[in-house]
Amino acid sequence: MKKVYNGNKEEVVALKEINLEIEKGEIYGIIGYSGAGKSTLIRLINMLEEPTEGEIWVDGRQMNRLSQKELRKARQEVGMIFQHFNLLWSRTVFENIAFPLEIAGVPKEEINQRVNELIDLVGLTERANAYPSELSGGQKQRVGIARALANRPKVLLSDEATSALDPKTTDSILELLQEINRKMGITIILITHEMHVIQKICHKVAVIDQGEIVEEGPVLEVFTHP
Ligand code: ADP
Ligand code: ADP
């Protein structure tokens with residue numbers, strides 16, 4: 001697929017000819033320098049942007065062929081976590097995680113049950129009623145992860161989710177993602193500019209440079225040849 005942004009002055013070819021297949025259950029890393037096209041790729045997978053050419057499939061659905069209503073439903077299959085967490089500041093941990101479920105119209109009792117399970121899963125049982133400002137960076141990202149899982153997505157997209165964290169906290173968040181992948185079988189697509197992140201948990205990797213995939217394959221193969 002291809003993505004060209006039409007600015008008011010000139011066209012920017014953000015992605016040239018990207019052809020990428022990610023298997024169910026994989027932790028798939030996408031690494032590249034700033035401006036390489038990583039965020040564009042994520043926004044295409046999540047259908048926040050439309051491809052200029054080509055097709056995007058998620059779990060047997062062609063995402064760029066759906067009606068608005070189908071799209072809203074399909075987007076629930078894709079959870080997303082962010083570098084700066086994007087939490088709601090005036091809501092507690094519990095309320096942040098409950099938020100996407102309220103929007104989806106899930107009954108209150110089910111919300112309570114699901115949110116409490118998620119809070120336990122990410123290790124924040126003691127902090128359920130804390131506000132984001134009372135949490136460490138790692139704890140904030142744990143809330144972000146729980147919120148992303150609330151609607152039981154098939155795919156979790158991580159956009160530089162550990163880039164604002166120190167190395168030790170980064171490792172603990174990566175271990176949590178690994179556990180989620182193993183326990184729940186969720187496919188994880190992880191965008192980063194840090195080699196360490198890829199080497200720690202990814203099965204496969206694509207190296208993206210100036211809108212093109214320049215290398216792709218199992219992490220050990222891509223990063224060990226001369
Ligand atoms: P990365 O996430 O790897 O830093 P991006 O996907 O953000 O890369 O950007 C890829 C290219 O597309 C860059 O040249 C960037 O300036 C351009 N770009 C990104 N978003 C837009 C936009 N909304 N309008 C115009 N150009 C954009
Ligand atoms: P960061 O590491 O990016 O500062 P924060 O957890 O501090 O992340 O902020 C998360 C989000 O909440 C950001 O989008 C930020 O703009 C927003 N935010 C930060 N402080 C406040 C505040 N006092 N009131 C409302 N929103 C805030």
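Before you click on, a word about what you're looking at. This is a predicted model, where local features need pLDDT of at least 70 and side-chain atom pairs count only at pLDDT 80 or more, while totals for chains, interfaces and linings use all residues. Residues are numbered from 1 along each chain as its sequence is written, chains are lettered from A and ligands numbered from 1 in the order in which they are written, and side-chain values use heavy atoms, with hydrogens and water left out.

**Stop 1: ligand 2**

Stay here and look for polar contacts with the ligand (pairs of N or O atoms within 3.5 Å). Pick the side chain of His84: one of its N or O atoms sits 2.6 Å from an oxygen of ligand 2. Then go to Lys140, whose side chain has an N or O atom 3.3 Å from an oxygen of ligand 2. On its own, ligand 2 exposes 540 Å², and the protein buries 45% of that (areas by the Shrake-Rupley method with a 1.4 Å probe).

**Stop 2: ligand 1**

Now select ligand 1. Around it are Tyr5, Val12, Ala14, Tyr33, Ser34, Gly35, Ala36, Gly37, Lys38, Ser39 and Thr40. Zoom in on the backbone of Gly35, where a polar atom is 2.6 Å from an oxygen of the ligand. A polar backbone atom of Gly37 is 3.0 Å from a ligand oxygen, and the side chain of Ser39 has an N or O atom 2.7 Å from one. Alone, ligand 1 exposes 560 Å², of which the protein buries 62%.

**Stop 3: Glu26**

Finally, select Glu26, in the loop between strands E2 (11–15) and E3 (27–31). Is Glu26 buried or exposed? Glu26 counts as buried because its relative accessibility is 11%, and buried means under 20%. A polar atom of its side chain lies 2.9 Å from the backbone nitrogen of Glu23. Leaving out residues up to four places away in sequence, Glu26 touches Asn181, Ile186, Thr187, Ile188, His203 and Lys204, a contact being heavy atoms within 4.5 Å.

How values were computed. Helix = DSSP H or I, 4+ residues; strand = E, 2+ residues; numbered from the N terminus. Buried < 20%, exposed > 50% of the residue type's maximum accessible area, 1.4 Å probe, protein only. Polar contact = N/O pair within 3.5 Å; in protein donor to acceptor, adjacent residues only side chain to side chain. Near = heavy atom within 4 Å.
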